[in-house]
Amino acid sequence: ICSSHSAIFPARGSMGINARKSLAGLYYSTLICIGWTHVLKKTLNQNTYNRARLLVTNGDHPMQGPKIAIFGEVLFDIFPDGQKVLGGAPFNVACHMAAMGFDPLFVSSVGDDQLGRDVLENMKQRGLNTSGVHVDANHPTGQVDVSFHDGEPSYDFLDNAAWDHIPSMEVPKGALLYHGTLAMRSPVSKASLEQMAKDAWTFVDLNLRPPFFSLGQIATLAG
C-alpha cells in the first residue's frame, strides 16, 4: 500500500495535483485505521485479531493516548514557482489520523531553522503531539525540489536532512508502528526505526522512492 508523499493542503483550483494526492493520503490513512483489521481478521485467529483491533480502537471509539507511532520524514515540497508546501508521507498520515480523532505519536526530526519552526507550529495547530519531533541543530529541515515531466512529478530530495538523523525513542509496548522506506536511506534513521520496531506491530507503507530502496530491503520488511 502506498500513501501520498505530497502535501496535505489542496492546490489552487478545484482539483489540482495536491488536492488529488491529499485525497489519496486520506484514503490510505483510512485503510490504516480501519481496513487493515479486516485483512488481519482473515489471516489471524480470533484472539490475535481482537488484540490487533484494540491497538487502534477502544471499543467503538478511537483510542486515546499515543499507541500509534508514525516514523519518518517531514519536509517541504518546493515547486517550480517557488511555492513551499508542507508534506512527507508519514507526516500526511499523522495529520489525517489526528483529523479522524486518533492521537498518533509522530517521530521525526526537523532542523533548528524557520522551516522546522513552521513544521512544529503547524503540528500544534492540528493538535498533533510534537514530543516525538527532534530539533536538530546540525542538519536542515527536509526539502524536496518538485519538477514535472510530461505532467508527472519527480522529486529531488535534499541530502543529509534532519529526517536522516531521527533519534530512536521509546514507544508503548505493543503499539502499532507505521513507517515507509524513504527514512531508511540513512544509517541513523534506519537503526532508530529497527530499535523502535522490536516490540511493536508494524505497518509498512511501500512508498518507494528510487534510488532509496533495494529489493533485499523490501523483502526484509515484508518478512
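Isoleucine 70 stands opposite tyrosine 178 in β10. Strands here are DSSP E runs of at least two residues, and helices are H or I runs of at least four, numbered from the N terminus. This is a predicted model: local features need pLDDT of at least 70, side-chain atom pairs count only at pLDDT 80 or more, and totals for chains, interfaces and linings use all residues. Residues are numbered from 1 along each chain as its sequence is written, and side-chain values use heavy atoms, without hydrogens and water.

**Around β10**

Strand β3 (residues 68–71) runs parallel to β10, joined by four bridges. Two strands count as paired if DSSP finds at least two bridges between them. Strand β11 (residues 201–204) also runs parallel to β10, again through four bridges. Tryptophan 201 in β11 is the bridge partner of leucine 176. Both faces of β10 are covered. Leu176 and Tyr178 are buried on one side, Leu177 and His179 on the other. Buried means under 20% relative accessible area, exposed over 50%, and partly exposed in between (1.4 Å probe, protein chains only).

β10, α5 and β11 form a right-handed β-α-β unit. Right-handed means that, with the strands pointing away from the viewer, the path from the first strand over the helix to the second runs clockwise.

**The open sheet**

Four strands make an open sheet with mixed pairing, in the order β5-β4-β8-β9. β5 (84–87) and β9 stand at the edges with a single partner strand each, so one side of each has no neighbour in the sheet. The twist averages 35° from one strand to the next. Such angles are taken between N-to-C directions of lines fitted to C-alpha atoms, and run from 0 to 180 degrees. Strand β4 (residues 75–78) is antiparallel to β5, with four bridges between them. Phenylalanine 76 stands opposite leucine 86 in β5.

**Nonpolar cores**

A nonpolar core is a set of buried Ala, Val, Leu, Ile, Met, Phe, Trp, Tyr and Cys residues joined through side-chain atoms within 4.5 Å. The largest has 26 residues. Ile70, Val74, Phe91, Phe106, Val119 and Met123 have the most contacts inside it. Elements giving two or more residues to this core are β3, β4, α3 (89–99), β6 (105–111), α4 (114–125), β10 and β11. Helix α3 supplies the largest share, seven residues. A second, separate core of 22 residues includes Phe157, Leu177, Ala183 and Leu193.

Beyond its neighbours within four places in sequence, phenylalanine 106 contacts residues including Ile70, Val74, Phe91 and Met123. Contact means heavy atoms within 4.5 Å.

**Salt bridges**

A salt bridge is a side-chain nitrogen of Lys or Arg within 4 Å of a carboxyl oxygen of Asp or Glu. The count by this rule is three.

| Aspartate 112 | Arginine 117 | 3.6 Å |

Aspartate 164 is buried, at 4% relative accessible area.

Glutamate 194 and lysine 190 both lie in helix α5, four residues apart, about one turn. Glutamate 194 is partly exposed at 41%, and lysine 190 is partly exposed at 29%.

Aspartate 112 is exposed at 52%.
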